[in-house]
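Please read them with the structure in view.

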Amino acid sequence: VERCVVTLAGERGLLLVGEPGTAKSMLSELLAAAVCGTSALTVQGTAGTTEDAFRYGWNYALLLAQGPSPQALVDSPVLTAMRSGRVARVEEITRCLPEVQDALVSILSDRRVSVPELAGTPQAQVAAAPGFTVIATANLRDRGVSEMSAALKRRFNFETVNPIADPEAETALVRGQATAVVGRAGAAFRVDDAVLDALVTVFRDLRSGRSAEGWDVERPGTVMSTAEAVQVAASLGVAAAYLPSGDVLDLVPGHLLGVVRKDDPADHSRLLGYWDGPVRRRAEDGSAMWRRLWDLRENLR
């Protein structure tokens, strides 16, 4: 975070990279709000994002009626940030096409935007006010990603946001976020800490490819992120509150299956392999919790 603040203080672009679900977007929002008071000047990167999202567009009714004029110009969030000296955010920049990404090269290096349609007027050039910079995010492992050009990479400082290293901290975060979600649904969070510990352990094992005991685990193609763990825990909490039907632990395998099958169908067999490995071994070591999970293996079929 300190390096991020230093980067922004130097008015240099900041690129937050990491696995999906590591709260890069939340960090970019908090940084932008702390620096300039708003995180709303945002471009969501998609395959359909056009260069206008980084530069400007037109009010076509005024354009047809008056021709090119400052009144007909529609500022992008990035151009608005330039005019006001604030922070613009670009979510999932690598989902934009390379030629669209490269619209940021001149903005970050020259710190100005040319409006050729207004040539001969004072509005033909928009220079960035002091304080303007860009925070972008990008996933390291995702489909449909466009490689950034070397020129654009050079204009960003890269900071990697890693998954939470401390299992206790991750469990506390999952508990807190899931409690808030269930609370907004009008209920109390009634999932035992032991169930949450087991849930987070499964996510951490599958994410890292190695169990806490040091046993090798085949990693699924799906990213087993903390954000996904929060969603599963929240689902368990809502089910326990409004659809009580026995032990909430019985619902865990089904929700895990829903997570791992989002991307690669072969991940189903990898989850079964995890059950036949660490889950079975822990059950054999005498843990009642893991013994119950082992007995629920048929729920993964």
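1. Val259 touches Phe203, Thr222, Met224, Glu228 and Val232, leaving aside residues up to four places away in sequence; a contact here means heavy atoms within 4.5 Å. Val259 is part of helix α11, residues 252–260. Helices (H or I, at least four residues) and strands (E, at least two) are DSSP runs, numbered from the N terminus.

2. Is Val259 buried or exposed? Val259 counts as buried because its relative accessibility is 4%; buried means under 20% relative accessible area, exposed over 50%, and partly exposed in between, with a 1.4 Å probe and protein chains only. Ser225 is 34 residues from Val259 along the chain, and the C-alpha atoms of the two are separated by 10.0 Å.

3. On the source: this is a predicted model, in which local features need pLDDT of at least 70 and side-chain atom pairs count only at pLDDT 80 or more, while totals for chains, interfaces and linings use all residues. Residues are numbered from 1 along each chain as its sequence is written, and side-chain values use heavy atoms, with hydrogens and water left out.

4. The protein chain contains 13 helices and nine strands. Its C-alpha trace spans about 80 × 40 × 35 Å along the principal axes. Of its 301 residues, 45% count as buried. Among contacts between residues at least 6 apart in sequence, 72% join residues at least 24 apart.

5. Which strands make up the open sheet, and in what order? Five strands form it, in the order β2-β5-β8-β1-β9, with parallel pairing; two strands pair if DSSP finds at least two bridges between them. At the edges are β2 (42–44) and β9 (156–160), each of which pairs on one side only. From one strand to the next the twist averages 20 degrees.

6. Within this sheet, β1 (residues 13–18) and β8 (residues 133–139) pair in the parallel sense over five bridges. Leu16 stands opposite Thr137 in β8. Helix α4 (residues 77–84) packs on the sheet and touches β2 and β5 (87–91), its direction making about 160 degrees with that of β5. Axes are lines fitted to C-alpha atoms, for helices over the stretch in contact, and angles run from 0 to 180 degrees between N-to-C directions.

7. Helix α1 (residues 2–9) lies across β1, β8 and β9 and runs at about 150 degrees to β1.
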